[in-house]
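Subject: Handing over the structure

Hi,

Here is the structure I promised to pass on. Please have a look at it, and then read my notes below.

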Amino acid sequence: MSGGSGDESELDSILAFTDDEIIRWMAISGPGFLPQQLDKAISTIRTMTVVGRALLPPSMRPSWGLATDFLIEGQDHLTELKTGLARRELGLNEALDLQHQACRSLERFTGTIRQATHTPSGSKAARVNERLIATAEMTQTLLGWTRGGIQALFRETDHPLRSPVR
């Protein structure tokens, strides 16, 4: 089921001709692509969790444990948001609160990684940290777009007008 005014066949056409990740992200920036935005955010957070665990040096493991908690917390909020909207169990305020909590979790993740970064610039650990922080920041931008999508679902009433689950 479509999540709004975004035309999935148009989206598929655009994405079929590019391998550019930025274009792939920008293609789902409108409020009509809430399901794709939630899917992308959830999968990106899941990937960050796996990549960080695999690539960070042992010296960063203690900090990574806390940072991972924040990633998992954010992923849980987004999963609850997507499920709640699909089942029409959330009102506008509840949906926006879950979106906000996911954003806060990513902010905490980024802050934790920044505080833990005492690695020489150019080292593998520093490059991994920079990439994780950049990905978290891009995911926060994506979550900003979800806010517009959530608001579009609730324009006329406090109940979702349509389900964002495909």
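(By salt bridge I mean a side-chain nitrogen of Lys or Arg within 4 Å of a carboxyl oxygen of Asp or Glu.) Both residues sit in helix H5, 3 residues apart, which is about one turn of the helix. Glu107 is partly exposed at 38% relative accessible area, and Arg104 is partly exposed too, at 32%. (Buried means under 20% relative accessible area, exposed over 50%, and partly exposed in between, using a 1.4 Å probe and protein chains only.)

Before going further, some housekeeping. This is a predicted model, in which local features need pLDDT of at least 70 and side-chain atom pairs count only at pLDDT 80 or more, while totals for chains, interfaces and linings use all residues. Residues are numbered from 1 along each chain as its sequence is written, and side-chain values use heavy atoms, with hydrogens and water left out.

How confident is the predictor? The mean pLDDT (the predictor's confidence in each residue, from 0 to 100) is 78 for the protein, and 70% of its residues reach 70 or more. Among the elements, helix H5 (residues 92-116) has the highest mean, 93, while helix H1 (residues 8-16) has the lowest, 52. Over residues 1-6 the pLDDT is below 50, although this stretch has 17 contacts in the model beyond near neighbours in sequence. (A contact means heavy atoms within 4.5 Å.)

As for the fold, you'll find 6 helices and 0 strands. (Helices are DSSP runs of H or I with at least four residues, strands are runs of E with at least two, and both are numbered from the N terminus.) Of the 166 residues, 43% count as buried. Taking contacts between residues at least 6 apart in sequence, 72% join residues at least 24 apart.

Back to the charged pairs: the whole structure holds 4 salt bridges. In one of them, the side chains of Lys82 and Asp39 meet at 2.2 Å, N to O. Lys82 belongs to helix H4 (residues 61-86) and Asp39 to helix H3 (residues 34-55), so this pair ties together parts 43 residues apart in sequence. Lys82 counts as buried, at 17% relative accessibility, whereas Asp39 is partly exposed at 24%.

Another salt bridge joins Glu137 and Arg114, whose closest N and O atoms are 2.6 Å apart. Glu137 is in helix H6 (residues 124-153) and Arg114 in helix H5, so here the parts tied together are 23 residues apart in sequence. Both ends are partly exposed: Glu137 at 34% and Arg114 at 46%.

Finally, the inside. The largest nonpolar core has 36 residues, and Trp64, Leu78, Leu81, Leu85 and Phe109 touch the most other members. (Such a core is a set of buried Ala, Val, Leu, Ile, Met, Phe, Trp, Tyr and Cys residues joined through side-chain atoms within 4.5 Å.) Helices H3, H4, H5 and H6 each give two or more residues to this core, and H6 gives the most, with 10.

Cheers
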